[in-house]
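Colleague: I would like to go through the labels on this model one by one. Please set each value against its rule.

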Amino acid sequence: LGVSTALADVNSTVRANTGDNVSIADAGGLTIAASAAPDGGGNGANSQAFAGTGGEYLAVDGAIAISKNRGVGEATTGDSGILPGGDVSITATNNSSQHAYGSGVSVGGGAGGASYAEADSTAKVDAALGTNTTNVPSLSLTLQATGIDTNDARALAGTYGVVAGNAAVAQTNNTSEVSTVVGAGTALMAGIVSIGALHTDD
């Protein structure tokens with residue numbers, strides 16, 4: 001009898017904010033950026049579970065691998081602020097990658113092997129301008145929230161015996177939220193205004 005379990009859980013928070021009543025009345029531009037991504041472009045949450053047993057009469061094994069990402073990315077300005085001229089950019093990005101692999105193999109006279117793999121993402125990404133925000137006339141203003149989630153779950157199960165049974169289950173779940181908000185009472189003057197929210201899931 002053998003059971004192997006692996007759990008990887010990423011719960012990161014990245015915020016870039018200005019407070020309420022902040023005035024940056026200049027023409028030099030402004031960048032507020034919050035970004036979260038796995039180091040080196042690899043998997044942020046990576047779990048692998050392996051199980052294998054063997055016996056003449058009975059062998060039961062299981063492998064459970066679960067990877068989760070609950071990251072938060074937030075770039076915001078406070079209420080009643082004054083933004084500068086030039087190019088103003090407020091961006092929030094969360095790039096997550098979850099991989100789960102479960103493998104269970106057993107051998108015996110009566111054998112049963114099972115594996116389960118699950119990869120989940122529940123990230124929250126927000127880019128927002130506070131209420132009653134104004135600005136020095138600017139060249140461009142960008143407000144962008146972007147969420148990119150990659151969920152990969154793989155399960156392998158095998159048994160060899162006189163009486164054998166096995167199961168392999170793999171599933172992915174994505175309930176991420178991506179939003180951009182312009183607060184009430186905000187009045188902006190810019191040559192180019194870009195406001196967007198984008199989410200992709202692989």
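Colleague: Why is alanine 33 called partly exposed?
Modeller: Its relative accessible area is 48%. Buried means under 20%, exposed means over 50%, and partly exposed lies in between, with a 1.4 Å probe and protein chains only. So alanine 33, at 48%, counts as partly exposed. Alanine 33 sits in strand S3, residues 30–36. Strands are DSSP runs (E, at least two residues), numbered from the N terminus.

Colleague: What kind of model is this, and how are residues numbered?
Modeller: This is a predicted model, where local features need pLDDT of at least 70, side-chain atom pairs count only at pLDDT 80 or more, and totals for chains, interfaces and linings use all residues. Residues are numbered from 1 along each chain as its sequence is written, and side-chain values use heavy atoms, with hydrogens and water left out.

Colleague: What makes the contact of aspartate 126 with lysine 124 a salt bridge?
Modeller: The closest N and O atoms are 2.6 Å apart. The rule asks for a side-chain nitrogen of Lys or Arg within 4 Å of a carboxyl oxygen of Asp or Glu. The pair therefore qualifies. Lysine 124 lies in strand S8, residues 124–129.

Colleague: Are aspartate 126 and lysine 124 buried or exposed, or in between?
Modeller: Aspartate 126 has 14% relative accessibility, so it counts as buried. Lysine 124, at 37%, is partly exposed.

Colleague: How many salt bridges does the rule give?
Modeller: Four. One of them joins arginine 70 and aspartate 9, at 2.5 Å from N to O. That pair links distant parts of the chain, 61 residues apart. Arginine 70 is in the loop between strand S4 (45–69) and strand S5 (72–76), and aspartate 9 is in strand S1 (residues 2–10).

Colleague: Why are arginine 70 and aspartate 9 both called partly exposed?
Modeller: Arginine 70 has 36% relative accessibility, so it falls in the partly exposed class. Aspartate 9 has 40%, so it gets that label too.

Colleague: How do you know that arginine 15 and glutamate 74 form a salt bridge?
Modeller: Their N to O distance is 3.4 Å, and the limit is 4 Å. Arginine 15 is in strand S2 (residues 13–17) and glutamate 74 in strand S5, 59 residues apart. Arginine 15 is at 53%, so it is exposed.

Colleague: What makes the void a cavity, and what lines it?
Modeller: On a 1 Å grid over the protein atoms alone, a cavity is a set of points where a 1.4 Å probe fits but cannot get out, and lining residues have an atom within 4 Å of a point. The search finds one cavity of 30 Å³ or more. The largest cavity has a volume of about 50 Å³, the space filled by probe spheres set on the points. Its lining includes Thr18, Val22, Ile24 and Thr133.

Colleague: How many charged residues line the largest cavity?
Modeller: None; the lining has four nonpolar and six polar residues. Asp, Glu, Lys and Arg count as charged, and Gly as polar.

Definitions and conventions. On a 1 Å grid over the protein atoms alone, a cavity is a set of points where a 1.4 Å probe fits but cannot get out, and a pocket is an open set with protein on both sides within 12 Å along at least five of seven lines; lining residues have an atom within 4 Å of a point. Helices (H or I, at least four residues) and strands (E, at least two) are DSSP runs, numbered from the N terminus.
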